[in-house]
Amino acid sequence: MKAIQSDITTLHVDALVNAANRSLLGGGGVDRAIHRAAGPSLLEECKKLGGCNTGEAKITGAYDLPAKYVIHTVGPVWNGGTANEPELLYKCYTRSLSLAQKHKCTSIAFPCISTGAYGYPPDKAASIAVTACREFFTTTDYPADILFCCFSANDLKMYEKLLNEPD
Ligand code: AR6
């Protein structure tokens, strides 16, 4: 597992994860960047998926992106932390990894799900992201490179610190 600072749409990975909303029909932030770079066929495929519940994930092709698949997951909106947000965010990571595994993806890039428009405190979200991925890989011997793709230098620092701490 590694953290990098990058625009996720430029990454040559098997799967990149999109922080989508329940409609799966596009929005702002990383979702907009992914749809813009993938081209209109991504939206056409998303229209057939019937949306996605918070904490769940669905997979599509990646079209004009250098990745092979896009995994769309819907993070929780931060509401103070007492509305199941940690459990739902944790599930976003594990459900996305299960789908990636099912499609034999061995390199997966995650953005900092829920920490933009959805207002999740970035430090709390980073800690959940790293824990969820670590715990997932203790339950399977599936080998995969995980990239935490940070947009900001601050997020990168947080992830690097967490990844340097023992499990
Ligand atoms: N590459 C990597 N990370 C990015 C990029 C990019 N190109 N662009 C933004 N980020 P957000 P959310 C970071 O708001 O909080 C959308 O409208 C950003 O700095 O994209 O889960 C959806 O349609 C932040 O760290 O997602 C939903 O309605 C992180 O991506 C809603 O926003 C997530 O910010 C989802 O909100």
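**Sheet, flanking helices and a buried serine**

In this predicted model, six strands form an open sheet with mixed pairing, in the order 1-6-5-2-4-3. Strand 1 and strand 3 (57–61) sit at the edges, each pairing on one side only. On average, and with direction ignored, neighbouring strands of the sheet are turned by 25° against each other. Within the sheet, strand 5 (residues 107–110) and strand 6 (residues 145–150) run parallel and are joined over four bridges; here A109 is found opposite L147 of strand 6.

Helix 4 (residues 122–138) lies across strand 5 and strand 6, at about 175° to strand 6. Helix 5 (residues 153–164) packs on the sheet, where it touches strand 1 and strand 6, and its direction makes about 165° with that of strand 1.

Helix 1 (residues 29–38) has a buried set made up of D31, I34, H35 and A38. These residues lie on the same side of helix 1, because the arc they cover around the axis is only 95°. G29 and R36, on the other side of the helix, are exposed. The packing partners of the buried residues are strand 2, helix 2 (40–47) and strand 4 (69–74). Just after helix 1 comes G39, with a positive phi of about 95°.

S6 counts as buried because its relative accessibility is 18%, under the 20% cut-off. Its side chain makes a polar contact with the side chain of T10, at 3.4 Å. Beyond its neighbours within four places in sequence, S6 is in contact with L11, C149, C150 and F151.

Notes:
Residues are numbered from 1 along each chain as its sequence is written. This is a predicted model: local features need pLDDT of at least 70, side-chain atom pairs count only at pLDDT 80 or more; totals for chains, interfaces and linings use all residues. Side-chain values use heavy atoms; hydrogens and water are left out. Buried means under 20% relative accessible area, exposed over 50%, partly exposed in between (1.4 Å probe, protein chains only). A polar contact is a pair of N or O atoms within 3.5 Å; within protein, one must be able to donate a hydrogen and the other to accept it, and residues adjacent in sequence count only if both atoms are side-chain atoms. Contact means heavy atoms within 4.5 Å. Helices (H or I, at least four residues) and strands (E, at least two) are DSSP runs, numbered from the N terminus. The arc is that of the directions from the helix axis to the C-beta atoms. Two strands pair if DSSP finds at least two bridges between them. Axes are lines fitted to C-alpha atoms, for helices over the stretch in contact, and angles run from 0 to 180 degrees between N-to-C directions.
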